[in-house]
Amino acid sequence: MDCISINYKKVPLDIRETYAFSTEQQTEFAAFLKETYGIGCVVVLSTCNRSELYFCSDGGRSEQIENALAAYKNIPREDILNHIYSYQGDRALRHLFFVASGLDSMVLGEDEILHQIKESYGQALSEGRSCNEMNIAFQGALCCAKSIKTETLLSKTPVSTGTLAANTIEEFLQKDHTKKILIVGITGKIGSILAKNLYSKNIRNITGTSRKHVSVSERGGKDGLVMTDFSERYEILDEMDVIVSASTSPHYTFTAEKVKEVLKTRKPRMFLDMAVPRDMDRAIAGISDCRLVDMDDFARMAESNHGIKQKEVLKAQMLLEEKLDETIKDVAMSSFMEQKRELFEQIKKREFGSVFYQMKEHLSSDNFKALVEAVEQL
């Protein structure tokens, strides 16, 4: 299995968002890869902070993946080479484990990435584009991430993007919970996580938007939550103190020109853009009394919080290395069984067959792979 990654470590948000894939685009790009290059085993992961392609094929095909990405996204291949990290074989597997466990995240140890990987892998499974090696790799990574979550305190320190946003809003409100918050995309994943975090802080004066028609009975929500139609967002903007956008819209949910036009009341306002690609016109930051916060700002906030989690990182890494070693051996065994099935069946019939499994149990992944390679020469 190989991987190419575009992530927050090398690529700023304004470039990173050009590589984002919607759910529909993940399916479309995978079909494009298969039709153009015959690469049918691929998982497309797209989050706020990374876009990654995991793929299996005969021989190195990274160059073809890069060409396909350049064609699909209409980005010069030379630019792509400056933006990507490329991983092959065991290095790709190690990278996947670190990503799934939150050890490669902007917010160290965050939980959201685990669900996002599970969804991307599940989509690949449902569309028939995951091979045996890919299954072993992703199931191993997901299992590892769950173990780290339960056996360490890494994910229990509340510094995920959702909690960082909630903390930022709480600080802005200065304990005045009568101030009003608008969350565009509250029914989506990020919006609902933020709302949950705000409720945990007893911040409940929230209005959420929906693109579906909102009936009169639905407008009066419980616990302070009010739902309104997405089309009415500008009509209620002037009364809001905090405006959050966390939608999957391909266009700006708020433009500076329209915001400036509808704001009549002079008061401090905070606009939080939690979407990739961005939902809010950056020129909003230039409007009087308006502060704009986006994902790059959360990256800086997260950096200052990383020290809280460093004590648990070593424990998590040790657990990861153990789980990774097991998965590398599983991949080697699976590959051997597929390519040398007849020889494997002969080995099973002999006494050496049980010894072979015992060696897999006790040898390191490097030593076990060397044994497999030696047996293949028989």
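Trainee: Which residues do ring pairs link into a cluster?

Mentor: Happy to start there, keeping in mind that this is a predicted model. The count of aromatic pairs comes to 10. The rings of F29 and Y72 have centres 5.2 Å apart and planes at 65 degrees, over the 60 needed, so this pair is edge-to-face. F29 sits in helix α2 and Y72 in helix α3, 43 residues apart, and the cluster that ring pairs link is made of F21, F29, F32 and Y72.

Trainee: Does F29 count as buried or exposed?

Mentor: Buried means under 20% relative accessible area. Y72, at 23%, therefore counts as partly exposed. F29 has 0% relative accessibility, so it counts as buried.

Trainee: Which residue has its charged end over the ring of Y234?

Mentor: A charge can sit over a ring if it is within 6 Å of the ring centre. Here the distance to the centre of the Y234 ring is 5.8 Å, and the charged end belongs to K258.

Trainee: Which element gives the largest share of the lining of the largest pocket?

Mentor: That pocket has a volume of about 1100 Å³ and is lined by 38 residues. Several elements each supply at least two lining residues, including α2, β2 and α9. The largest share is 4 residues, and it comes from α6.

Methods. Residues are numbered from 1 along each chain as its sequence is written. This is a predicted model: local features need pLDDT of at least 70, side-chain atom pairs count only at pLDDT 80 or more; totals for chains, interfaces and linings use all residues. Side-chain values use heavy atoms; hydrogens and water are left out. On a 1 Å grid over the protein atoms alone, a cavity is a set of points where a 1.4 Å probe fits but cannot get out, and a pocket is an open set with protein on both sides within 12 Å along at least five of seven lines; lining residues have an atom within 4 Å of a point. Grid points are joined across faces, edges and corners, and a volume is the space filled by probe spheres set on the points. Rings of Phe, Tyr and Trp (its six-membered ring) pair if their centres lie within 6.5 Å; planes under 30 degrees apart count as stacked, over 60 as edge-to-face and the rest as tilted. Buried means under 20% relative accessible area, exposed over 50%, partly exposed in between (1.4 Å probe, protein chains only). A charge sits over a ring if NZ of Lys or CZ of Arg is within 6 Å of the ring centre and within 35 degrees of the ring normal.
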